[in-house]
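Please take me through this model in the viewer, one selection at a time. I would like to know what to pick next and what is found there.

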Amino acid sequence: MTTPVEIDDRVKSRPQYGPVKLQTSQQQQVFVSADANSATLQQMFDECTDIVGPDRCLWLTISADKATMATELATATAALPVATAIYVSGDESYMWDVRNTLIRLGFAPEQIQMLAPLSTARRLFCTHCYTVMEGVTHTPHKCEGCGELLLVRDHFSTLMGSYVGVSINAEDPSEIPAPEALS
Amino acid sequence: MSLNSTDNYQVKVVAIRDVAPTIREFTLQGINGELTPFSPGAHVVVAMPGETAEGKAKTWKNAYSLLSDPRDSSTYKIAVRLQDQSRGGSVFMHTRVSEGDILEITPPANLFAPYWRAQKHLLIAGGVGITPFMSYLPELQRAGANFELHYSYRGNQTGAYAAELQQQLGDQVRCYDADAGERLQLAELLKQQPRGTHIYVCGPELLLDGVRQNAALLGYPDSLIHFEEFAAPQPGEPFSVTLESSGQKVDVGADESLLEALEASGVKVPNLCRGGVCGQCVTKLVDGEAEHRDAFLDDGERQSCIMPCVSRAKSKGLVLGL
Ligand code: FES
């Protein structure tokens, strides 16, 4: 019951993406991306096809638009068995959208694996006006909704697949820090 | 007046019938008020005041699933299988209880509720393990849920309700009588299940293991499989424990559980399932080596904790943080 205490200054809610392993005991293997530009995913697919045969491997190209994604995934996975392993590649926000949609469709979190994000671009959620912005690469970022200059934090909402942004210069709006690239 | 959900209920046994060669069903009615509705999969703990083989007074407490319709608060029903190796509980129910008797039960508690967001519910029952599902079925039907029940038993001993279930549910239930050579093919069954299926299993250890193994082979995610696995505590060697705070010594007989022995000497330990799964009775283990028989603690926790409802001592004595 005693766990050693480790000091870790990373923001706990920021997801970490470890190496993804093929789970070949699962009957059906599914590879999801928005377009075919993930070399790693393609490699995994090829390797998997060699191991379990092409019948048990499925490559899905799924739209990044949330509404389209929901219908596409519902149709594409309707006939899949419970024992399915799913691998997702793409931008971070895309992967979380796919994951959340799949969970709503009845898959368990532990059967969905996400590869390392393909870019450092973040989805950003303005905590002042709730505007959601895509493809944010630098902090601070001017909110496209309320115009507030937002500090892009490392706090991540898994449900929204988004980082949160808070006003960086609420005290003195004339203070404009130099933009830094996000990692 | 209806009874509240924290105090024990006094109930009268209003009907007893045999529902299989070794299974007897009891219908219970509240005597100081109406019983509470419950949720599917709930159980109650029945107190059974009897005596040991040596003639010592002793109260057994066993958990039994409620098998009546959860919305029917006029009566509760439980079914008790006569266990070959019973420590007394099931023998008491089978030989000492008659219609008109008063029993004391706890309010319903639930450790095996259905997962309502599942798109399909696959229920797998073995023998007397059919009981929790008897309360699932009316609710699943009312909700218009997609479900299937697979029920295996030995017709010479168990198989309660098989005929009526088949009549009521038609295709949604499959029965397998092992004594008639019928076998439930777990691997085949699990392989066919569609996305969004949750699996619920209740029955003998052999069935649970079968499901566990086949599910692991197919790569089923653990969170989709729900086990009802409380088992009555098994006997063992006698031992004694010492309470850290008072130095009091409590002897545990071969056929009683540590929890029962503690209760008999006036020590109150919170408990819910009395079968090593709920975690309520967790007690600090200060010294000595335990023989862990629960399904709750992980290996790390086992160094410093014990579940007295099922676990015993490996060493001659234990010191408990009580
Ligand atoms: S009472 Fe539930 S684990 Fe002991």
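The model is predicted, so local features need pLDDT of at least 70 and side-chain atom pairs count only at pLDDT 80 or more, while totals for chains, interfaces and linings use all residues. Residues are numbered from 1 along each chain as its sequence is written, chains are lettered from A and ligands numbered from 1 in the order in which they are written, and side-chain values use heavy atoms, with hydrogens and water left out.

Stay on the domain 1 side of chain B and select β3 (42-51) and β4 (57-65), which each supply at least two residues to the side touching domain 3 of chain B (strands are DSSP runs of E, at least two residues, and helices runs of H or I, at least four, numbered from the N terminus). β4(B) gives the largest share of that side, four residues. By class, that side of domain 1 of chain B has four nonpolar, one polar and three charged residues (Ala, Val, Leu, Ile, Met, Phe, Trp, Tyr, Cys and Pro count as nonpolar, Asp, Glu, Lys and Arg as charged, and the others, Gly among them, as polar).

Next, show the side chains of Lys61(B) and Glu263(B), which form a salt bridge at 3.7 Å, N to O (a side-chain nitrogen of Lys or Arg within 4 Å of a carboxyl oxygen of Asp or Glu). Domain 1 and domain 3 of chain B bury about 730 Å² between them, 45% of it on carbon and sulfur atoms (the accessible area, 1.4 Å probe, that two parts lose on being put together, summed over both).

Now move to chain A and colour domain 1 (28-114) and domain 2 (122-181) (bounds from an automatic or database domain assignment). Their centres, taken over C-alpha atoms, are 30 Å apart.

Which side chains meet in a salt bridge here? Select Asp97(A) and Arg123(A), at 2.6 Å, N to O. Then select helix α3 (residues 92-104) of chain A, which gives five residues, the most, to the side of domain 1 of chain A that touches domain 2 of chain A.

Finish with the area: domain 1 and domain 2 of chain A bury about 560 Å² between them. On the domain 1 side, Glu92(A), Ser93(A) and Trp96(A) lose the most area to domain 2 of chain A, together 67% of what that side buries.
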